[in-house]
Amino acid sequence: MVDSARLSLHVPEPAVRPGGQPDFSNVKIAKAGSVPRPGVDVASEDIRDLAYSIIRVLNRDGEAVGPWAGSLSDEELLTGLRNMMKLRAFDARMLMAQRQGKTSFYMQHLGEEAVSCAFRKALKKGDMNFPTYRQAGLLIADDYPMVEMMNQIYSNESDPLHGRQLPIMYSSKEHGFFTISGNLATQYVQAVGWAMASAIKNDSRIAAAWIGDGSTAESDFHSALVFASTYKAPVILNIVNNQWAISTFQGIARGGSGTFAARGLGFGIPALRVDGNDYLAVHAVARWAAERARRNLGPTLIEHVTYRVGAHSTSDDPSAYRPKTESEAWPLGDPVLRLKKHLIVKGVWSEERHVQAEAEITDEVIEAQRQAEAHGTLHAGGKPSVRDIFEGVYAEMPAHIRRQRQKAGY
């Protein structure tokens, strides 16, 4: 009798540990402009390659090239640059405020600004995003007041959510920003349900779901793909692959699928990968997916390939699990600097104007912070009242039920 070989469990390992030399050789980067742009009515099986490539518009010289270029005017690009700069300046001030003890924690977007800022410009008013905690650019790009965002972070007396959410978990129906859930991945299937409801009502609004690479391991992610593919929901399924979950590298959640976008192929969903640090590419792909949804052609899955430069949150120390110089080695560069270079190449921007814009934006953020910090503390006089606790949680009791309860002695 031949003895069977002993089994062993496979646990994916990152290519490099702290102290090692950063290695991104596994990130296969297509030449800018080389990935074809199919028609929006294409079948998922006909564009399988797009789930394994990376759509890029900006080349190394700062030029916009290829079939995905040309979706934005110079003015729109300048607005996009300012939005990303504003988000970066906002992050810097709020990170400092957290270090000063003015808020309990904060989560920054450093290196990922193009993903949410560019995506928002491909949507219309009334569309609904179901975001995670690193998509504040959706609000910045839609001109949501920064002072309102800071009021929520500080949970002060002008907090629009009255202290009922954790810092940075914003909510604005008017700006198409569904309240953020701290329970990772739950918002993904909710976005599909919202999109299905829009279709049932013969509405014209679409939804956008957001999730990080690590959270795709959650069952809600897979449930969302089942319902989206079965009912052809008008939803864009975004995966932000910033290479790291809270403290684990992307290989843990990705498993053997090769790419996160490839997950969509098994459900018959058209899936694409885009350079998440290329503002023009993100916008072009988002607009393509939005058009598919509006034409009742069903869902699209987009993997945004980017890099989390900063810590996961102010409670995290990335030096414990990745090389300190890894962000400098990231091959897709800095989204702000890349768009800046493109606009300079086009002759509509300059180093001098950029420096001036940085100063203006910093002043704008500081003024918003001054206004937010001028507001008093929520419930400064003591504990919140019962009304404070339950107001906004339950619907107002209808008058006829209130009368019935009074007659019954309640």
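Q: Which residue just after α1 takes a positive phi?
A: In this predicted model, the residue is glycine 101, which follows directly after α1 and has a phi of about 80 degrees.

Q: How should I read the stretch at residues 6-44, where UniProt places a domain?
A: The UniProt record, an unreviewed entry, gives residues 6-44 the feature "domain: 2-oxoisovalerate dehydrogenase E1 alpha subunit N-terminal". In the model, the chain over residues 6-44 is 0% helix and 0% strand, with its end C-alpha atoms 41 Å apart.

Q: In what order do the strands of the open sheet lie, and is their pairing parallel or antiparallel?
A: Strands of a sheet pair through backbone hydrogen bonds, and the pairing may be either parallel or antiparallel. Here five strands form an open sheet in the order β1-β2-β3-β5-β4, and their pairing is parallel. The edges are β1 (128-130) and β4 (271-275), each of which pairs on one side only. From one strand to the next, the twist averages 20 degrees.

Q: How many bridges join β1 to β2?
A: Three bridges join β1 to β2 (residues 207-212), and these strands run parallel. As an example to find in the structure, phenylalanine 130 has alanine 209 in β2 as its bridge partner.

Q: Which residues lie nearest the centre of the largest pocket?
A: Tyr133, Gly212, Asp213, Gly214 and Ser215 lie nearest the centre, among the 22 residues that line the largest pocket. This pocket holds about 300 Å³ of space, and its lining divides into nine nonpolar, eight polar and five charged residues.

Q: How many cavities of 30 Å³ or more does a search of the whole structure find?
A: The search finds one, and about 40 Å³ of space lies in the largest cavity. Its lining includes Tyr106, His109, Tyr133, Arg134 and Phe177, and the lining residues divide into eight nonpolar, three polar and one charged.

Terms used:
Residues numbered from 1 in each chain as written. Predicted model: local features only at pLDDT ≥ 70, side-chain atom pairs only at ≥ 80, totals over all residues. Heavy atoms only, no water. 1 Å grid on protein atoms, 1.4 Å probe; cavity = no way out; pocket = protein on both sides within 12 Å on 5 of 7 lines; lining within 4 Å. Points joined across faces, edges and corners; volume = space filled by probe spheres on them. Nonpolar A, V, L, I, M, F, W, Y, C, P; charged D, E, K, R; others polar. UniProt positions renumbered as here; feature names shortened; annotations may be inferred. Helix = DSSP H or I, 4+ residues; strand = E, 2+ residues; numbered from the N terminus. Pairing = 2+ DSSP bridges. Axes fitted to C-alpha atoms, helices over the stretch in contact; angles between N-to-C directions.
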